[in-house]
Amino acid sequence: MYRVAVITLSDSAYAGSRADLSGPVIVAAVEAAGYDVVHTAILPDEEAQLKSALISLCDGNQADLIFTTGGTGFSPRDRTPEATSAAIERPAPGIAEAMRYASLAITPRAMLSRATAGIRKGTLIVNLPGSPKAVQECLDYILPSLAHGLEILKGDTGNCAR
């Protein structure tokens, strides 16, 4: 069972003026897929704060997989991809490309996503959109393949099925 951390990036949810709707969608989806959610947080749209949180979770070996939600658009405050890129050691561009590909079948606005993904130490970090509907659609598409990626990342290739 892989350990998952979920971080929501939203100034308004952090301030308590709006409910976090996407974080709970991630938690429900990954738990249904057999993952263990070990950490959840709501942070403001602050690049340095997210970068620090990602590094702490990865370097402390607290999670095998981190999902962020929010902050991947064109708003000046949307800095999640920059914080993630600053924290990772190795990019995993196919994950974000796959999410955009799947989402483009639903809406042409998917091309506006700046989401990224990558690896730091033994942890995979994936940026998800901020919309609960888009989060669910992306997870439906990528979750089945992520387990294989995590097996390889963790060196558990004996259980890898093609």
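**The sheet**

Six strands form an open sheet with mixed pairing, in the order β2-β1-β3-β6-β5-β4. The edges are taken by β2 (36–43) and β4 (90–91), each with a single partner strand, so one side of each has no neighbour in the sheet. Strands pair if DSSP finds at least two bridges between them; β1 and β3 run parallel and are joined by five bridges. Ala5 stands opposite Ile66 in β3.

The model is predicted: local features need pLDDT of at least 70 and side-chain atom pairs pLDDT 80 or more, while totals for chains, interfaces and linings use all residues. Residues are numbered from 1 along each chain as its sequence is written, and side-chain values use heavy atoms, without hydrogens and water.

**Helices α2 and α6**

Helix α2 (residues 22–32) packs with helix α6 (residues 132–153) at an angle of about 25°, their axes 9 Å apart. Axes are lines fitted to C-alpha atoms over the stretch in contact, and angles run from 0 to 180 degrees between N-to-C directions. That makes α2 roughly parallel to α6 (under 35 degrees). The contact (heavy atoms within 4.5 Å) includes Ser22 and Val25 of α2 and Pro132 and Val135 of α6.

Terms used
Helix = DSSP H or I, 4+ residues; strand = E, 2+ residues; numbered from the N terminus. Parallel < 35°, antiparallel > 145°, perpendicular 65-115°, else oblique.
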